[in-house]
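Here are my notes on this one, as promised. Have the viewer open while you go through them.

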Amino acid sequence: MAILDSIKKVNDVKRLKSSDLVPLSSEIREFIIENVSKTGGHLASNLGAVDLTIALHRCMTFPQDKLVFDVGHQSYTHKILTGRKSGFSKLRKLDGMSGFPKSIESESDCFNTGHSSTSISAALGFAIARDLRGTKEKVCAIIGDGSLTGGMAYEALDRLAQLHSQCVIIVNDNQMSIGKNVGGLSKALNRIRVSDSYNEMKSNVESVLHSIPAVGPSLSRGVKRSKDNLRNMLIRDNIFEEMGLTYVGPIDGHNIEEMTATFREAFSLNKPIVIHVCTVKGKGYPLAEKYPEHFHGVAPFDRETGRTKSHKTGLTNTDIFAKKLVKLGDENEKIVAITAAMAQGTGISLFRKHFPNRTFDVGIAEQHAVTFAAGLAKGGLTPVVAIYSSFLQRAYDQILHDVCLQRLHVVFAIDRSGLVGPDGETHQGIYDTSFRREMPGLTILAPKGAKEIEDALDYAVNKCDGPVAIKYCRGQACYKFDEIRTEFSSGNSEIMHDFGFNPMVVKKDLDYRKTISILAVGNMVEVADELSDMLKDRCGIVPRLINVRFIKPLDKKLILETAEKSDIMLVIEEGVKSGSYGEAVTYELYMAGVKTELMHCCIEQEVVPHGGIGELRQRLAIDAESIYNKLYLRL
């Protein structure tokens, strides 16, 4: 029987023999590779954290003890060891197991995570709450070296140094976030990790001691503390010790026995400890080790070749943005590009290839990215900041205070706007309209497809003189409407087709005198067009279809003129209701005294789980068929 089969419930791993642990780690890696190749998911980060997680589970008792994962996309082994192996067949599927820690899924997931640099703050909260209650549970946070580029981590470390009780912080150092790490912290960790003088001395000492017959191994263990002291003398500028924290490491993140001994000792001490663990991202799957960025988050793939099984071809919205940005960069040397550790995911890597000196990857530091862009704009440049919608939430204050209040010409390329699917609630880009619409002077564009993304970026860079946000969804670019291409000017929407009637369809139970208009935002133009065809073919009604394009400023004139001609007006958008474009339209109609019946088709619930985008739209009743069924009752 496989060792992994003996892990049926939480804490079962504590009953295994030490000799079982290395084979167990191999079986877990094989299990993760096999399942993620079928479902998709975060692969490289999970493979790198297998041994580390096993060692922690040998030292901790769940759910009493608290283990906080930073980001959380490396928690698959934790899920397996807490009895959730059977859930991997529906990993990241609708109603299936999340790819991130979820407390509603298991008591052993003590804190929900999805974004970076939060774990130390949460762990500190758990530790102080424990102390105030007078209980004894262990508290540990695992934070990647990439997450340490986020400033929130240092705010927490500063306060952690004042704690006088147990709290273990494990720095999982694989020299990666999603892309290669950048900045001073990466260099500081690298100095600790690869100091020639220390490693050479350590290797020599170990060789000499182990060569002594009979007593060599015990002597080697006995002088471990001396080696640690030697390391501290040879390696200066240890940022953790400079902050007043006890630092241990670096240690091998794939040596379960060494980590277990280190962790047990750290948990026994009545003070915060930082343990520096070095791991290999993608460990155990050669393709993931060689291409960790590609295998960070993957769709289902062929494990022999590493190629995704998706049959989708063609450019994505991100590709369209990236190519157009390069073209604009050729024409205008004032354009600079900024991203926050997502150069590949946002398409900025293409701009960097052409203009390396005008490209800035600031690490996982969205707040800094935005204020940095504000400084660049003040300096006469045109910064384009490309960040995923859910990650740009973290820079709300900087967008408002440092960019919008100063009316600076900063262009925000908001990738992954709308539903993103399998990554779930922490990554859904459904809030960006709501928290940006009230920002003074901010123009918000939502292009309908490929050519309009190009036109929107051209407009934002060359024809605006204040802050501009362009939001577009994840996935394949839409070319269906490329021939419908109305020139951009401030606030102007686009009538794609006007009111009409299909005489080929005769339905005696319907009132053909009713007129319908549809205002669709961004990627929902495709849904609106499908709905329009349904109305034409099933009811004989041809609605006026409007591509909103400008969420802000509103095209008030067209909205009111359309409402006056409509018996029913629909607003369709892939965002939450509160603060939405639809609410803005509702307000305008109310203020103008227009009595048109308004249907607002949006996301009514505040939190959306993981699942396929099509499945989620159906569940949220914002797919074409669901909207048609609701509308038909009003005809």
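1. First, the ground rules. This is a predicted model, with local features needing pLDDT of at least 70 and side-chain atom pairs counting only at pLDDT 80 or more, while totals for chains, interfaces and linings use all residues. Residues are numbered from 1 along each chain as its sequence is written, and side-chain values use heavy atoms, leaving out hydrogens and water.

2. On the chain as a whole: there are 26 helices and 21 strands (DSSP runs numbered from the N terminus; helices are H or I with at least four residues, strands E with at least two). Of the 635 residues, 57% are buried (under 20% relative accessible area, 1.4 Å probe, protein chains only). Take contacts (heavy atoms within 4.5 Å) between residues at least 6 apart in sequence: 76% of them join residues at least 24 apart.

3. Now look at H14, residues 317–331. Its buried residues include Ile320, Phe321, Leu325 and Leu328. The buried residues of H14 pack against strands E8, E10 and E11 and helices H15, H16 and H21.

4. Last, H23 (556–565) and H24 (581–592) pack at about 65°, axes 10 Å apart (axes are lines fitted to C-alpha atoms over the stretch in contact; angles run from 0 to 180 degrees between N-to-C directions). That makes H23 roughly perpendicular to H24 (65 to 115 degrees). On the H23 side, Lys556, Ile559, Leu560 and Ala563 meet H24 residues including Tyr581 and Glu588.

How values were computed. Parallel < 35°, antiparallel > 145°, perpendicular 65-115°, else oblique. Buried < 20%, exposed > 50% of the residue type's maximum accessible area, 1.4 Å probe, protein only.
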